[in-house]
Structure formats: structure tokens, C-alpha cells
Amino acid sequence: MARTRSENYDEIQQGILATACGLFARQGYMRASIADLADACKLSRGALYHYFESKEAILFAILDAHIREMIADVEAAMAGKTATLEQFRAAIRAIVALNARSSDEQRVILNDLSFLGESEQDAIKALERQLVDLIADLLIRLDKEGKIVKRTKKIYSMMLFGILNFSHTWYDPKGGIAPAEFADMVVDLFLYGFTMPVPAKDAAKDAAKDAAKDAVKAQRQRA
């Protein structure tokens with residue numbers, strides 16, 4: 001006879017995922033046993049298997065939910081904007097905000113994805129590509145100089161995600177720089193660098209002002 005679900009089944013299941021994610025982030029997936037997990041969840045091993053068929057199923061559920069949430073957050077953030085730059089800034093803010101509140105998930109997906117079976121890894125990687133493609137499309141639309149071509153698309157995209165994905169190792173969202181400000185710093189640094197070129201019109205104006213000053217100075221010297 002099939003075991004019936006309790007009224008708080010979903011709540012308990014989500015609690016297991018949250019506890020497991022913290023345990024995997026601290027100890028590593030391979031070092032955290034089912035016994036450790038059951039003890040952390042205050043459940044028997046039998047009760048734990050009622051909610052997930054294996055430790056690997058728990059790991060997959062954690063990673064799947066995290067990536068799907070990130071995609072949904074990015075799409076929702078972009079939907080409220082019209083200009084490409086605004087969409088890009090909103091998307092990066094969404095990623096940083098989620099990472100700031102999900103540092104355990106970030107550690108697990110970076111460190112433990114390889115412990116899933118091949119088909120499960122492929123499913124997670126397909127979601128990751130979906131996210132990367134969303135951001136890469138924005139980068140291409142922002143690229144006015146044609147630097148991002150088929151040969152370089154992945155490089156530019158992963159350079160950006162390299163900044164974002166490993167920020168949990170050093171960035172403190174409760175420190176002096178809030179997540180939204182940090183996201184804007186990433187956007188500005190990635191798109192413009194520290195030495196953003198002066199627009200041609202502004203450069204011409206500055207040159208004209210300098211020439212005028214030099215003329216006045218020369219006139220005073222002659223006087």
C-alpha cells in the first residue's frame with residue numbers, strides 16, 4: 001500500500017533541501033553521509049528516504065531549483081525594462097541578489113555538480129547554458145564594435161560569469177557595498193573598464209577649451 005503524504009510534506013521536503021545544502025556547503029557532498037544528513041534534519045534515515053530516494057536526488061533537487069530560480073529572476077528583471085543596457089543591468093542585479101542570499105547553493109553547484117550522474121549533470125548544464133545565453137544575447141546587443149563573434153562569444157560571457165560566480169568567496173553582501181551597488185560596479189567595470197574613453201564630441205570641446213586658454217595665456221604674456 002502506498003504511503004500517504006502528510007499535510008506538511010512540501011514544507012518538510014524544502015527543509016531537507018535547505019539543511020542538506022548547508023551541510024554539503026560546509027562538509028562537501030562526498031564527506032556528508034546520509035546518516036549526517038538525517039541527523040541534521042532530525043529525521044530517521046527511513047523518513048529521509050520517504051522524501052528523496054537518494055543523496056544524489058537531494059543534490060540534484062538543490063542545483064535544479066537554484067538555477068531555475070536564477071533564470072526566473074533574470075527573466076522577471078529584464079521584463080520590466082526596454083533598453084538593452086537597462087535589461088543587462090537589471091539581469092546582473094538579479095544574479096547578484098540571488099547569489100547574495102544563496103551562497104551555500106553557489107558553493108555546492110561549483111564544487112559538487114560533478115558528483116551527479118551523467119544525465120543529471122546534463123540537465124543542470126542545459127539550464128546553465130540557458131542562463132548564459134540570456135546574458136550573452138544582451139552582451140551581443142550591447143557590443144557596438146563587433147568584438148563578440150562566434151569565436152569569442154563564450155570567452156566574453158564566461159569572463160563575466162567568472163566575476164559573478166566566485167564572488168561568494170570574498171564578497172560580503174552585509175558589508176559597505178550592497179548587492180545592487182556591487183552589481184552596478186560589475187556592469188560598469190565589464191562594459192567600460194576603469195578608463196572609459198572620452199566621447200569624441202566631449203574630447204573636441206575639451207581641446208577647444210584648452211586652445212582658448214592657451215591663446216589667452218599667450219596674449220597676456222605678450223602684453
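Predicted model: local features only at pLDDT ≥ 70, side-chain atom pairs only at ≥ 80, totals over all residues.
Residues are numbered from 1 along each chain as its sequence is written, and side-chain values use heavy atoms, with hydrogens and water left out. Local features need pLDDT of at least 70 and side-chain atom pairs count only at pLDDT 80 or more, whereas totals for chains, interfaces and linings use all residues.

The protein chain contains 10 helices and 0 strands. Helices (H or I, at least four residues) and strands (E, at least two) are DSSP runs, numbered from the N terminus. From that end on, the order of elements is α-α-α-α-α-α-α-α-α-α. Of the 223 residues, 35% count as buried. Buried means under 20% relative accessible area, exposed over 50%, and partly exposed in between (1.4 Å probe, protein chains only).

In soluble globular proteins, nonpolar side chains tend to be buried together. Here the largest nonpolar core has 54 residues. Such a core is a set of buried Ala, Val, Leu, Ile, Met, Phe, Trp, Tyr and Cys residues joined through side-chain atoms within 4.5 Å. Phe24, Ile58, Leu63, Phe88 and Ile92 have the most contacts inside the core. Helix H4 (residues 55-79) gives the most to this core, with 10 residues. Ile58 touches Ile16, Leu17, Ala20, Phe24, Leu37 and Phe52, residues up to four places away in sequence being left out.

Met70 is also found in helix H4. Met70 counts as buried because its relative accessibility is 4%. Beyond its neighbours within four places in sequence, Met70 is in contact with Ile95, Leu98, Asn99, Gln106 and Leu131. Met70 and Leu131 are 61 residues apart in sequence, yet 7.8 Å apart in space, C-alpha to C-alpha.

Leu131 also takes part in the contact of H7 with H8. Helix H7 (residues 118-142) and helix H8 (residues 153-165) pack at an angle of about 110°, with their axes 10 Å apart. Axes are lines fitted to C-alpha atoms, for helices over the stretch in contact, and angles run from 0 to 180 degrees between N-to-C directions. H7 and H8 are therefore roughly perpendicular to each other. That class covers 65 to 115 degrees; under 35 is roughly parallel, over 145 roughly antiparallel and the rest oblique. From H7, Leu131, Val132, Asp133, Ile135, Ala136, Leu139 and Ile140 meet Lys153, Tyr156, Ser157, Met158, Leu160 and Phe161 in H8. The residues of this contact divide into 10 nonpolar, 1 polar and 2 charged. Ala, Val, Leu, Ile, Met, Phe, Trp, Tyr, Cys and Pro count as nonpolar, Asp, Glu, Lys and Arg as charged, and the others, Gly among them, as polar.

Rings of Phe, Tyr and Trp (its six-membered ring) pair if their centres lie within 6.5 Å; planes under 30 degrees apart count as stacked, over 60 as edge-to-face and the rest as tilted. The count comes to 6 aromatic pairs. Tyr9 and Tyr51 form a tilted pair, 4.7 Å centre to centre with 35° between the planes. This pair links distant parts of the chain, with Tyr9 in helix H1 (residues 9-27) and Tyr51 in helix H3 (residues 45-51), 42 residues apart. Tyr9 is buried at 7% relative accessibility, and Tyr51 is buried at 12%. Trp170 and Phe182 form an edge-to-face pair, 5.7 Å centre to centre with 80° between the planes. Trp170 counts as exposed at 57% relative accessibility, whereas Phe182 is buried at 7%. Ring pairs also link Phe24, Tyr29 and Phe115 into a cluster.

Notes: Contact = heavy atoms within 4.5 Å.
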